[in-house]
Amino acid sequence: MIHVLLIIFIITLFYMAIANRLMTYIKVLALQGVLLFFVVFFQLSKIDPFNLAFILLETIVFKSLAVPIFLSYLLKRNNITREAEPFLPNFVSLVITTSIVVVNILIATVIKDDHLDKIFFVVALSTLFFGLYLIATRRKIITHVMGYMVIENGVFVLSLAIGNEMPLLVNLGIMLDIFASVLILGIFMNKIGDVFKDVDVDQLSNLKDY
Amino acid sequence: MVITYLIVSVAIVISLFLLRDKRLVYSLLGLFLVWQGWFTTQACLHFGTTDAVYFTYDSLGILLLVTLSIIAVPAALHSYIYIENHYEPPRSRSIYIGSLVLLIMAISAGYLSNHIAVTWIFTEITTLSASALIYHHRNKLALEGTWKYVFICAISITFIFIGILFLSLSLQHAGSDDLSFSNLLAKSKELNPVWLQMAFLFIFTGFTAKLGLVPMFTAGIDAKDTAPAPAGALMASVLMNLGFVGIFRFYIVIANTPLLHWAKLVVGIAAFLSLFVATVYMLKVKNVKRMFAYSGIEHMGIVMLGVAAGGIGYYAAILHIVLHAFVKSSLFFQYNQLYRVFQNKSITHIGNYFKYNPTGAMVLLLGFISSAAMPPSGLFVSEFLIFKSLFDAKQIFVLIAVLLLLTMIIWSFGKNIFKVLFVPAEGFDDSRVARTSPWESLSQFLLLATAVYLGLNPPPIFVQLIKESLILLPQ
């Protein structure tokens, strides 16, 4: 069951690589939150119920409700155009995403470890590098934020892999998640929308050496 | 004691955020400085003990904590001068002072923590407080700087977290789940090398955002440029040292495994690239503040080269970060007085500073000599030792390349500083230049003199502390 969920998770990455609209990205982020909710439910069977309830609550409320709702609110409020405006064509994106996943599968095959389920490793690292790729190839600041959210989801998957042995680390990951998202989204996306109209990375190049 | 320190400091921070009255805000800042001084003394008195499970008053922590507490005093003083000269609204003043206190508190706790996750948490808090300081002016440039800083720091903090996850995987092979540095060191022989390598790569990359090394150095440059100079001084000195502590404590663990050689290679490559990048930017930079910031990148590159070379290089690296903190912060403290005269950051619009403020110009001159590691400066000793360690490690080609890069950096730094000091700026109207009190430069002279004293004639206790912090490294 966990494997099925994680494979669906990887498929969402492919979908994100070729999606054009920002609303699609937000929906995919929400879907990833739901998938993570079920992964947590099946995976963390050995930790105490209160902590489990807290983690489940965080995935469903924070990852799949609060963040997507807030992102779409930002989209509407700042009148951001709906296109994602990638630097590269979708086909190239798809090829690069595929190669990220393949390379990670190869790495996972090389590293043989009884303590770690291989699929967790593949999904986590693919998501991480896909998030970095997303940040590097999209023009809008809000897509950078979405890329960061994708990275956070990847890290969360990795922390789940060892969650049964060290539940503390899952909680730390959640703390990072909430802290960074609130800092980035709450404080700065709001302000940036007020100051820069139709937020584009090209506008953030005034800090120069000369 | 740490817990009391943290609770009282957080209480001070919260009341600073809430209070608007000028006298109350400044007296709370003074109170915090006294509190910080008391805590530092207590930490020195309890040397070697562990407090509240996660904090140890060890030699490296104590050394840097004392450095921080010394630099915090002029930072507070210059923040006061800065805010009073800018007619800040009460709200922005409260937030600035509150964030400054929070930053100093988080750095102190980060130095002393003996658990990698705790270091990580306090590094997160420094990101939060530093971003409030960078955003102080609330204009477009400040917003851009803050955004870049927050975003890159968020990514690097995530990287450190991934590193911690890999580290815990590595530790599971040793049958343990305690991530404190001492336990990691005790179990260092049983750690799984593959996961340990991944952990080191991610943790190293993550902490470079604070340390100011390739690949994540860009965030710090923009931050030091846009933050008010007294806050920038803290970011360019003690906050960088926090990044060093994070890397160095983990490096000690990995140095006791067979991966030592590999780790040296990673650190060495990153350090050399940082020197290279710093040279490239130093050659074309025209913004005084960014020039100081790039000089910091150069120095951190030298420090990490010392770590990579090993031997006497370890000793020199720690000596160098302490001395560099004093020198670089004094340059940043001087910057605001420079700005008050010329109202410009660009070197093309600044010049002949000796005419307007001879005392301040002396600070810049001595700061340049110190930063370029010319003989009376203490940094000369540490840089010389680092070059010697590179020589001992038979890295003669690296040494030659480093010396060439440093020559270019000194040439470019010197060219710009002497332009600022002696060559009149074109079209500058000096009829309305603000007078600066020479006393405002006193703290900078003291800091520079401290760096000279510690470098040329280090007191035995100072040498002892540095040597003790290296005791766990294989010699």
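Me: Which residues of α17(B) are buried?
Reply: In this predicted model, the buried residues of α17(B) are Gly378(B), Leu379(B), Val381(B), Ser382(B), Glu383(B), Leu385(B), Ile386(B), Phe387(B), Ser389(B) and Leu390(B).

Me: And what do those buried residues pack against?
Reply: They pack against five helices of chain B, namely α13 (288–309), α14 (312–342), α16 (358–371), α18 (396–422) and α19 (442–456).

Me: How many residues does α17 of chain B have, and what span does it reach?
Reply: Helix α17 of chain B covers residues 378–392, which is 15 residues, and from its first C-alpha to its last it reaches 22 Å, close to the 21 Å expected at 1.5 Å a residue.

Me: What follows α17(B)?
Reply: Lys394(B) follows α17(B), and this residue lies in the loop between α17 and α18 of chain B. Its phi is positive, about 60°, although Lys394(B) is not a glycine.

Me: Is Lys394(B) buried or exposed?
Reply: Lys394(B) counts as exposed, because it has 10 C-beta neighbours inside 10 Å, and the cut-off for an exposed residue is 12 or fewer.

Me: Back to the packing, then. How do the axes of α13(B) and α17(B) cross?
Reply: The two axes come within 9 Å and cross at roughly 40°, so α13(B) and α17(B) are oblique to each other. In handedness, α13(B) passes α17(B) in a left-handed crossing.

Me: Which residues make that contact?
Reply: From α13(B) the contact is made by Ile302(B), Leu305(B), Gly306(B) and Ala309(B), and from α17(B) by Glu383(B), Ile386(B), Ser389(B) and Leu390(B). The residues of this contact of α13(B) with α17(B) divide into five nonpolar, two polar and one charged. Among the α17(B) residues named there, Glu383(B), Ile386(B), Ser389(B) and Leu390(B) also belong to the buried residues of the helix.

Me: Why do residues three or four places apart in a helix point the same way?
Reply: An α-helix has 3.6 residues a turn, so residues with that spacing point the same way.

Me: Are α16(B) and α19(B) parallel or antiparallel?
Reply: The axes of α16(B) and α19(B) come within 10 Å and cross at roughly 25°, and the two helices are therefore roughly parallel to each other. Their crossing is left-handed. The contact is made by Val363(B), Leu366(B), Gly367(B) and Ser370(B) of α16(B) together with Gln444(B), Phe445(B), Leu448(B) and Ala451(B) of α19(B), and the residues of this contact divide into five nonpolar, three polar and no charged.

Me: New topic. Where is Ala132(B) found, and is it buried or exposed?
Reply: Ala132(B) is found in helix α5 (residues 116–134) of chain B. It is buried, because 21 other C-beta atoms lie within 10 Å, where the cut-off is 20 or more.

Me: What is Ala132(B) in contact with, beyond its neighbours in sequence?
Reply: Leaving aside its neighbours within four places in sequence, Ala132(B) is in contact with Ile95(B) and Ser99(B). Ala132(B) and Tyr96(B), which are 36 residues apart in sequence, are 7.3 Å apart in space from C-alpha to C-alpha.

Me: Now the loops: where is the residue Arg138(B), and what is its phi?
Reply: Arg138(B) lies in the loop between α5 and α6 (140–172) of chain B, and its phi is near 55°, a positive value in a residue other than glycine. Arg138(B) is exposed, with 11 other C-beta atoms within 10 Å.

Me: Which residues does the cis peptide bond join?
Reply: A cis peptide bond joins Val214(B) and Pro215(B), with omega about 10°. Pro215(B) is found in the loop between α8 (193–211) and α9 (218–226) of chain B.

Me: Last one: how many residues of chain A are in contact with chain B?
Reply: 30 residues of chain A are in contact with 35 residues of chain B. On the side of chain A that touches chain B, α6 (141–161) and α7 (167–195) of chain A each supply at least two residues, and the largest share, 12 residues, comes from α7(A). The residues of that side of chain A divide into 21 nonpolar, five polar and four charged.

Conventions
Residues are numbered from 1 along each chain as its sequence is written. Chains are lettered from A and ligands numbered from 1 in the order in which they are written. This is a predicted model: local features need pLDDT of at least 70, side-chain atom pairs count only at pLDDT 80 or more; totals for chains, interfaces and linings use all residues. Helices (H or I, at least four residues) and strands (E, at least two) are DSSP runs, numbered from the N terminus. The expected span of a helix is 1.5 Å times one less than its number of residues. Two residues are in contact if their C-beta atoms, placed from the backbone, lie within 7 Å. Ala, Val, Leu, Ile, Met, Phe, Trp, Tyr, Cys and Pro count as nonpolar, Asp, Glu, Lys and Arg as charged, and the others, Gly among them, as polar. Axes are lines fitted to C-alpha atoms, for helices over the stretch in contact, and angles run from 0 to 180 degrees between N-to-C directions. Angles under 35 degrees count as roughly parallel, over 145 as roughly antiparallel, 65 to 115 as roughly perpendicular and the rest as oblique. A crossing is left-handed if the near helix is turned anticlockwise from the far one by less than a right angle, and right-handed if clockwise.
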